[in-house]
Amino acid sequence: MTFEMTDTQVAPPRHIAIVMDGNGRWAKKRFLPRFFGHKAGVDALVRVVQACIDRQVEQLTVFAFSSENWKRPSDEVSGLMGLVLAAVSRYLARMGAMGVQIRIIGDREAVPEKLRKAWNEAEQATAHNQRLILNVAFNYGGRWDIVQACRKAIEAGVPAQELNEARLGEFMAMRHAPDPDLFIRTGGEVRISNFLLWQVAYTEFVFSDCLWPDFSEADLDRAIAAFQERDRRFGGVKAAGAVSAC
Ligand code: IPE
Ligand code: IPE
Ligand code: MG
């Protein structure tokens with residue numbers, strides 16, 4: 001699909017961030033254990049990755065497991081770890097063929113070693129790919145990110161008077177990416193849940209009631225269309241002549 005640009009439309013988003021929420025409720029609606037919702041969620045992610053490539057999105061950042069998701073029952077947590085491990089071995093070659101560069105953001109310390117190794121392999125195997133960067137936030141929290149960046153800046157010996165937003169940004173987990181243009185949350189909740197707190201200062205938010213496993217190309221296009229209707233001012237004012245009456 002290609003976008004026809006008119007004077008009033010802004011460009012499509014270069015970077016989309018998604019809170020993939022609603023897997024558990026999707027399974028519950030079908031009288032299935034929550035695990036099956038997560039499994040269907042992986043399939044939805046593969047579809048959305050392809051859809052983003054087709055729409056020339058440069059970076060897609062997805063929230064797969066939050067710093068707080070350890071609070072869930074241990075069988076759900078271990079089921080998720082196993083599912084992610086299986087997904088890496090099942091889809092890595094396909095992602096490579098699609099030109100996807102995989103990057104993992106989050107605290108790897110508490111993640112099982114098998115999964116850490118799989119992440120490293122996935123990153124190394126796809127490092128040269130250029131069509132889409134897929135940032136998978138796993139054991140990630142926006143507050144963790146800010147704290148780990150401060151810690152790294154201190155360890156690097158950055159003097160206090162030299163620490164500013166740009167300098168701290170060099171230590172953030174998403175230092176390789178422009179800030180997200182569009183933030184999508186599925187599942188009906190209207191909150192950030194500790195996702196990219198630092199990076200979403202001027203991101204456009206779209207909330208969808210759709211449960212993540214049901215999220216389709218059409219839903220993605222609706223979110224992009226809503227984004228393209230927005231007037232992004234970044235704290236400034238519109239250019240003279242572009243102001244419309246309310
Ligand atoms: C999001 O779906 C996936 C993870 C947090 C891993 P949920 O598991 O939160 O699904 P709901 O919100 O309970 O439906
Ligand atoms: C956010 O969803 C985390 C992920 C989607 C991975 P949650 O389901 O954990 O968020 P809350 O608990 O509704 O805020
Ligand atoms: Mg949820």
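Ala, Val, Leu, Ile, Met, Phe, Trp, Tyr, Cys and Pro count here as nonpolar, Asp, Glu, Lys and Arg as charged, and the others, Gly among them, as polar. This is a predicted model: local features need pLDDT of at least 70, side-chain atom pairs count only at pLDDT 80 or more, and totals for chains, interfaces and linings use all residues. Side-chain values use heavy atoms, without hydrogens and water.

**View 1. The shell around ligand 1.** The shell holds 13 residues, each with a heavy atom within 4 Å of the ligand. Asp 21, Gly 24, Arg 25, Arg 34 and Arg 72 come nearest. By class, three shell residues are nonpolar, five polar and five charged.

**View 2. Polar contacts of ligand 1 (N or O pairs within 3.5 Å).** A polar backbone atom of Gly 24 is 2.9 Å from a ligand oxygen. For a polar side-chain atom of Arg 34, the distance to an oxygen atom of ligand 1 is 2.8 Å. A side-chain N or O atom of Arg 72 lies 2.7 Å from a ligand oxygen.

**View 3. Helices around ligand 1.** Helices are DSSP runs (H or I, at least four residues), numbered from the N terminus. The elements giving two or more residues to the shell are α1 (23–29), α2 (34–54) and α3 (74–97). Helix α1 gives the largest share, three residues.

**View 4. A salt bridge between Arg 55 and Asp 221.** The closest N and O atoms are 2.6 Å apart; the cut-off is 4 Å, from a side-chain nitrogen of Lys or Arg to a carboxyl oxygen of Asp or Glu. Arg 55 lies in the loop between α2 and β2 (59–66), and Asp 221 in helix α7 (residues 217–229), 166 residues apart.

Note on methods. Residues are numbered from 1 along each chain as its sequence is written. Chains are lettered from A and ligands numbered from 1 in the order in which they are written. A polar contact is a pair of N or O atoms within 3.5 Å; within protein, one must be able to donate a hydrogen and the other to accept it, and residues adjacent in sequence count only if both atoms are side-chain atoms.
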